[in-house]
Amino acid sequence: MDLFDQTTAAKLLVVTPLFAAILTLLPEWLGRLRSPFGAGTARYSQTMQNGMTVAASSISLILALFLAIEPATGKKLAFEFVGMEFFLDALSVYFVLLVNLVALAASLYIRSFLNYQAEVFPYQSTDATRFHVIFNLFHFTMLLVPMVDNLVLLWICVELTTITSTILVGHRRDRLALEAAWKYIVITSTGIIFALLGTLFLANANPTGESMNWSYLVKVASQFDKNFVKLSFLFILVGYGAKAGFAPMHTWLPDGHGEAPFPVSALLSGVLLKSALYAILRFYTLTNLALGDTLFTSRILLVSGLFSLALATPFILKRNRFKRVLAYHSLEHMGIITFGLGIGGNIALFGALLHALNHAITKALMFLAFGNVQVSYARVRGDEEEHVVGILRATPITGFVLALGGLALVGSPPFNIFLSEFIILWAAVQQAVEQSSFGLAAATALFVLSVTLIFAGLVRHLGRMLIGIPPSNVKPETVGQVLPLLVLFAIVLVFGFTVPSIGLWDIPRLLQQSVLVIECGVSPCR
Amino acid sequence: MEFLPELILVISFFILLVAVSISTSTTVKSMLNLYQWQALMVTAIVLFTAAESQPINLPLAVVAVLPIFLALAIKPLLRRATLAVPEEPGKAESKTRPQLLEADGEGGLGMLPREPELTWLQQGRSRLPPVVLLGIGSMLTLFSFIVAYLLIGKGPQPGIDPNSVGISIALLLIGILIMSNKRDIIAQIIGLLVMEHGLFLAAIKVITRPHLAIFFAGALFFYILITLTILVWLLPTLHRVSGSIELNAQAQLKG
């Protein structure tokens with residue numbers, strides 16, 4: 001494959017959601033020109049905007065798939081575009097794929113969300129144009145995160161995701177949505193200050209030059225000042241950890257996920273948390289290379305992961321609103337990924353990366369499926385969750401997906417999350433035995449206990465809603481509502497059996513290359 | 001110009017003192033005034049640091065616009081947020097000031113004072129008494145300086161002043177203390193702004209290479225966007241919808 005084509009594809013990928021954000025402004029303006037009284041234009045404008053957003057997300061995914069062909073072979077792509085330096089290795093491409101996959105799935109539900117909101121919250125803002133513009137900008141900023149080479153630019157991109165996502169979380173503009181937006185922006189922007197200070201300490205740790213490009217820094221990491229590197233990693237973990245939803249900075253998660261529009265919840269949980277995780281991974285590599293071993297980062301990540309996992313458990317077991325329960329599952333799964341990173345070694349890192357993808361897809365599936373339920377039950381006493389019963393009878397396909405997706409989310413076989421959790425557990429047990437470490441064995445036992453308890457929690461929540469007699473005025477599900485869910489569910493199922501290699505896309509190889517990037521940076525280490 | 005490093009250090013310590021004073025303040029009004037003084041000092045440090053280098057570092061001097069801009073903008077922005085009239089339930093959109101002015105004579109303008117006062121200025125209640133806060137603030141400062149001296153004392157970084165690192169970390173921690181102690185949103189925003197000043201100092205004084213310092217300072221322009229999102233969009237909308245800036249009123253989401 002010609003690298004020039006890849007560069008062009010990457011540039012197009014960067015601009016696609018940005019153009020979509022600008023283009024979605026046009027239909028409303030054109031509508032005003034066409035009909036000064038505005039009659040009959042809102043529907044036309046919404047259809048156009050929806051088409052543009054879905055088309056942009058589809059093009060982005062196609063371009064991302066195109067990019068995913070080369071890095072699986074270990075090649076890297078570096079280029080300059082509009083004054084910014086971009087660098088794509090296997091790890092970047094893996095996260096780019098993840099962002100675009102979930103963004104496309106979420107974009108397919110914007111129309112149904114906007115219609116639902118207009119029906120259930122007639123007095124609240126239903127500004128479709130604003131929603132489309134910010135959604136595309138959110139997609140754009142999340143896409144930049146894994147593509148930029150410079151660590152300060154990476155920070156700026158993560159920071160921009162905060163602004164766009166805050167507006168989306170507070171989109172409904174009612175008291176609860178704004179409270180959630182407030183908590184979200186305050187916690188994550190406090191975190192982001194720590195992240196910039198961590199980046200700044202890393203800059204000070206480097207005695208060799210002025211570049212903050214990751215691709216340069218990994219080459220000179222062995223010369224870094226170790227104290228500054230350690231302090232830098234701690235600040236980065238607190239800073240980006242707040243954004244990734246690590247305990248104890250996770251408190252925005254249930255509010256943000258719970259009150260956000262359901263396509264946005266899918267993006268927040270599926271992708272935004274992973275963007276922050278991506279930033280942590282880049283610093284993880286630099287820190288390990290600078291210190292010469294993984295002991296320092298491993299211990300911190302292991303404790304952090306277990307803490308998140310343990311803290312999520314009682315909240316999942318407690319009776320709560322379903323979207324909040326799903327948010328606590330994000331805390332749990334980010335804990336599992338962090339635990340995997342803490343275990344270290346290529347098997348656990350492979351498992352952690354795979355878990356990031358599995359969680360993103362499964363969580364998007366769950367939020368979107370529950371969104372379908374909200375849409376169908378919109379006429380049922382103002383959408384109070386106590387009245388959401390009998391989903392399996394009222395909307396059987398959505399109910400079926402929700403039930404099996406729930407099982408997948410709690411790590412039941414034969415679904416994807418089981419596989420990645422099993423890989424992480426396997427690596428943990430292997431290391432505990434090899435090192436004869438009581439601490440690691442205890443950590444692994446705690447991991448197993450938490451995961452088992454969580455299994456019971458979600459089953460109880462789902463059982464309450466899935467079975468029973470549904471109310472009479474439930475709207476039936478449509479093909480457009482269930483088709484994307486079935487595609488996502490198919491991925492969940494296939495990834496439960498194997499990590500597939502499909503034609504030009506060798507996903508296991510892409511994952512292996514990503515693991516090598518995390519372990520060794522840009523130079524081959526094995 | 002030889003006196004500049006000493007002058008910068010003295011001002012930096014004053015910034016720290018002001019941060020501790022903000023944390024012990026009992027009204028938003030005094031917090032805002034102290035914050036504005038602190039911003040002025042940060043601006044002075046940025047300008048002096050730019051003047052320290054030969055020739056004068058102009059890009060760095062431009063960064064001085066940021067703290068002073070926020071310091072000048074904060075009161076008008078808060079006033080604007082105060083004017084966001086609480087919304088009646090079931091009403092589609094609350095009225096903006098121009099709409100209210102237009103509706104004068106129909107009872108519209110009567111809803112607003114002609115010379116708007118910051119009605120929130122008397123708030124700023126603390127969870128802890130000032131003496132305790134002073135103690136915690138001092139402990140956090142001490143901790144920050146210990147970390148800074150341990151870090152720089154061991155490392156081979158010529159030109160990095162441990163005092164600047166210590167003050168930066170202390171401002172961050174005191175900012176968090178302010179945010180967690182106060183019961184209203186504006187006090188929390190001021191906590192965030194104090195943290196931002198810590199970041200300014202770090203970008204300007206902790207980074208020793210001029211090119212990188214400007215790069216980091218440039219990143220702060222983007223951070224200001226978050227502050228503006230809060231002040232220009234979130235705060236007025238939140239007040240309009242909930243009619244309160246007390247954190248207790250924003251605690252409906254639980255569990």
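**Aromatic rings and their surroundings**

Author: Let us begin with a group of rings: A:Phe113, A:Phe131, A:Phe135 and A:Phe262 form one aromatic cluster. Rings of Phe, Tyr and Trp (its six-membered ring) pair if their centres lie within 6.5 Å; planes under 30 degrees apart count as stacked, over 60 as edge-to-face and the rest as tilted. The model is predicted, so local features need pLDDT of at least 70 and side-chain atom pairs pLDDT 80 or more, while totals for chains, interfaces and linings use all residues. Residues are numbered from 1 along each chain as its sequence is written, chains are lettered from A and ligands numbered from 1 in the order in which they are written, and side-chain values use heavy atoms, leaving out hydrogens and water.

Reader: How many aromatic pairs are found over all chains?

Author: A search of the whole structure gives 22 aromatic pairs. In the pair A:Phe79 and A:Phe86, the ring centres are 5.1 Å apart and the planes meet at 10°, so this pair is stacked. A pair of aromatic rings is described by the distance of the centres and the angle of the planes.

Reader: Are A:Phe79 and A:Phe86 buried or exposed?

Author: Buried means under 20% relative accessible area, exposed over 50%, and partly exposed in between (1.4 Å probe, protein chains only). A:Phe79 counts as buried at 9% relative accessibility, and A:Phe86 counts as buried at 1%.

Reader: Which residues lie over the faces of A:Phe296 and A:Trp214?

Author: A charge sits over a ring if NZ of Lys or CZ of Arg is within 6 Å of the ring centre and within 35 degrees of the ring normal. A:Lys230 lies over the face of A:Phe296, at 5.7 Å from the ring centre. Over the face of A:Trp214 lies A:Arg282, at 4.2 Å from the ring centre.

Reader: What span should helix 9 of chain B have?

Author: The expected span of a helix is 1.5 Å times one less than its number of residues. Helix 9 (residues 210–242) of chain B has 33 residues and should span 48 Å; its end C-alpha atoms are 46 Å apart, which agrees. A kink of about 40° lies at B:Leu234, shortly before the proline B:Pro236; the bend at a residue is the angle between axes fitted to the seven residues ending there and the seven starting there. After helix 9 of chain B comes B:Gly243, with a positive phi near 70°.

Reader: How many helices and strands are there in chain A and in chain B?

Author: Chain A has 21 helices and four strands, whereas chain B has nine helices and zero strands. Buried residues make up 66% of the 526 residues in chain A; of the 255 residues of chain B, 55% count as buried.

Conventions: Helix = DSSP H or I, 4+ residues; strand = E, 2+ residues; numbered from the N terminus.
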